[in-house]
Amino acid sequence: MKLATLLVASTALCATSAFGVSPQSTAALSSATSKASPLTKPALVPTLTRSATGSAEKSALFRDPTATRGGAVPGWAAYNEALDKNPLTAKAFTSLVGWALGDLLAQLFISGGPFDWTRFITLSVFGFLYHGPSGHYFYNWLDDKIPGTDGRAVFTKVAIDQLVWCPIFMTVFFTYLGLVNGDSLSTIGSKIKNDLLSACQGSWKVWPLVHAVNFKFISNKHRLVFINSIQVAFNMFLSLIGTKK
């Protein structure tokens, strides 16, 4: 056993000598390594900062949750930037697109006949001039007066939206169409009297549930784009009832 140990030690000594490494240099290298400063992380390794309590605060592996990114939706980042810089204008154009698309689909797939450009432009302009700006101010006011997303706050917002705002909105809608068409005030009044309840009943079948989701999960600045994405179908209904003789 002692002979085998002696042979292994001799072989190792010969190997180190053959490569120009002496026992003294090996020891010096080991000593220098032990005295050197601790290894630093490569530059590409993400660092993690910690608070005074030791909890992780920020890492390059995770995105900033407050930053809005375009993701897979083309133009989404630019749209959010427009909402931040010019919210009124951005929401006005959002509603213009929503109302234009709603009437376009209504004319193509429901009304039939030649395309009515006057009706299309009239409803698109209503979305731009009234729906977008009024929605901007109304929802800002509503969120300011009734903050929070708990059940009571959401229920109260939906009730105000449907029982107060909806009749006002529909009255303005019918009045606008009558004025654009050159109708007399008596004709506009008759239109409101005959169709206001039907329009509100149509709203009550759709919007309470939509607004429950809206007020619970959607941020204030995205309310109108969410509403318009749903309202395309409802605008088809409004374009039909609004232009009904």
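Of the 245 residues of the protein, 33% count as buried. The model is a predicted one. Its secondary structure comes to 8 helices and 2 strands.

Two packed helices are described by the angle between their axes and the distance between the axes. Helix H4 covers residues 87-111 and helix H5 covers residues 117-145. These two pack at an angle of about 140°, and their axes lie 7 Å apart. Angles over 145 degrees would count as roughly antiparallel and those from 65 to 115 as roughly perpendicular, and H4 and H5 are therefore oblique to each other. As for handedness, H4 passes H5 in a right-handed crossing. Sorted by class, the residues of this contact come out as 15 nonpolar, 9 polar and 3 charged.

Gly102 sits in helix H4 and is buried, its relative accessible area being 0%. Gly102 and Leu123 are 21 residues apart in sequence, and their C-alpha atoms are 9.1 Å apart in space. Ile110 also belongs to helix H4. With a relative accessible area of 46%, Ile110 is partly exposed, falling between the 20% below which a residue is buried and the 50% above which it is exposed. From Ile110 to Met236 there are 126 residues along the chain, yet the C-alpha atoms of the two are separated by 8.5 Å.

Further along, helix H6 (residues 151-181) packs with helix H7 (residues 185-217). The angle here is about 145°, and the axes are 8 Å apart. H6 passes H7 in a right-handed crossing. In the contact of H6 with H7, the residues divide into 17 nonpolar, 6 polar and 5 charged.

Next come the cysteines. How many disulfides does the count come to? The count is 0 disulfides. Cys166 is in no disulfide, and the nearest cysteine sulfur, which belongs to Cys200, is 3.9 Å away. Cys200 is found in helix H7.

The structure holds 18 aromatic pairs. Among them is the pair of Phe115 and Trp117, with ring centres 4.8 Å apart and 65° between the planes. Planes over 60 degrees apart count as edge-to-face, so this pair is edge-to-face. Phe115 is partly exposed, at a relative accessible area of 26%, whereas Trp117 counts as exposed, at 55% relative accessibility. Phe115 also pairs with Phe120, this time in a tilted arrangement: 5.6 Å centre to centre, with 55° between the planes. Phe120 is buried, with a relative accessible area of 18%, which puts Phe120 under the 20% limit for buried residues. Elsewhere, ring pairs link Trp99, Phe126, Tyr130, Phe169, Phe173, Phe174 and Tyr176 into a cluster.

Definitions and conventions: Residues numbered from 1 in each chain as written. Predicted model: local features only at pLDDT ≥ 70, side-chain atom pairs only at ≥ 80, totals over all residues. Heavy atoms only, no water. Disulfide = S-S within 2.5 Å. Phe/Tyr/Trp six-rings, centres within 6.5 Å; stacked < 30°, edge-to-face > 60°. Buried < 20%, exposed > 50% of the residue type's maximum accessible area, 1.4 Å probe, protein only. Axes fitted to C-alpha atoms, helices over the stretch in contact; angles between N-to-C directions. Helix = DSSP H or I, 4+ residues; strand = E, 2+ residues; numbered from the N terminus. Left-handed = near helix turned anticlockwise from the far one by under 90°. Nonpolar A, V, L, I, M, F, W, Y, C, P; charged D, E, K, R; others polar. Parallel < 35°, antiparallel > 145°, perpendicular 65-115°, else oblique.
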